[in-house]
Amino acid sequence: MEKMKNTYIYRFCIILTICLVCITLCSCKVKAASYSDIARITYKEILNQKADKNGRYLVAIYSTTCTYCEELEPTVVKYYNFTESKKFFNYKYPPIYVLNINAVENKGIKASDSEYDVFIGTSNYQDIKFATAPALIEITDGKVTDLISSKVENLVVTAVEVKLNKLMN
């Protein structure tokens, strides 16, 4: 009888250990290390992404040939990892997506300086144009509500870093 009791306890401990290992492995998510690890969207999808509970999300515009984009990348990645780690507990942080201005599918987003205009308030993706990267767009309920780019800021990298760090606090 004693041997049978020990066998059940042993089996229970093994099953419990296996369950705990599986739960731990399933909840571990690989952290992003670069723009390519963050959910990339296309120009046509820019106003139709999953948002936070307030209907907000962010889109970081970058270029693979941009020095300032490289400087900003660690901050965007840090913000992405922060929001990913918090979303199961409290989805109050706007998620961030990235858009490569040089990708073939995003060719409509590029503009010359003369056709580039501030587009805050638009709900039409075709109104959104950029002459340069990096930039950060905040979208709420399908409308652009904030914009940080060289068109509106002198120090774009600093302005984006300040905004993302403020959102993390």
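This is a short tour of a predicted model, stop by stop.

**The whole chain**

Followed along the sequence, they come in the pattern α-β-α-β-β-β-α. Of its 169 residues, 40% count as buried. Contacts also reach along the sequence: among those between residues at least 6 apart, 66% join residues at least 24 apart.

**Helix 2 and helix 3**

Next, select residues 67–86, which are helix 2, and residues 156–168, which are helix 3. How do the axes of these two helices cross? They come within 10 Å and cross at roughly 10 degrees. Angles under 35 degrees count as roughly parallel, so helix 2 is roughly parallel to helix 3.

Show the side chains at this contact. From helix 2, select Y68, E71, L72, T75, V76, K78, Y79 and F82. Colour them by class: the contact of helix 2 with helix 3 has 10 nonpolar, two polar and three charged residues.

**The aromatic pairs**

Turn to the rings. A pair of aromatic rings is described by the distance of the centres and the angle of the planes. With centres required to lie within 6.5 Å, the count is five aromatic pairs. Two of the pairs are visited here.

Select Y43 and Y125. Their ring centres are 5.0 Å apart and their planes stand at 80 degrees, an edge-to-face pair. Y43 sits in the loop between helix 1 (2–27) and strand 1 (56–62), while Y125 sits in the loop between strand 2 (96–100) and strand 3 (135–140). The pair therefore ties together parts that are 82 residues apart in sequence. Are these two residues buried or exposed? Y43 has 4% relative accessibility and counts as buried. Y125, at a relative accessible area of 22%, is partly exposed, because the cut-off for buried is under 20%.

Then select F119 and F130. The centres of these rings are 5.4 Å apart and the planes are at 85 degrees, so this pair is edge-to-face. F119 and F130 are both in the loop between strand 2 and strand 3, 11 residues apart. F119 is buried, with a relative accessible area of 5%. F130 is buried too, and its relative accessible area is 0%.

Terms used. Residues numbered from 1 in each chain as written. Predicted model: local features only at pLDDT ≥ 70, side-chain atom pairs only at ≥ 80, totals over all residues. Heavy atoms only, no water. Phe/Tyr/Trp six-rings, centres within 6.5 Å; stacked < 30°, edge-to-face > 60°. Helix = DSSP H or I, 4+ residues; strand = E, 2+ residues; numbered from the N terminus. Buried < 20%, exposed > 50% of the residue type's maximum accessible area, 1.4 Å probe, protein only. Axes fitted to C-alpha atoms, helices over the stretch in contact; angles between N-to-C directions. Parallel < 35°, antiparallel > 145°, perpendicular 65-115°, else oblique. Contact = heavy atoms within 4.5 Å. Nonpolar A, V, L, I, M, F, W, Y, C, P; charged D, E, K, R; others polar.
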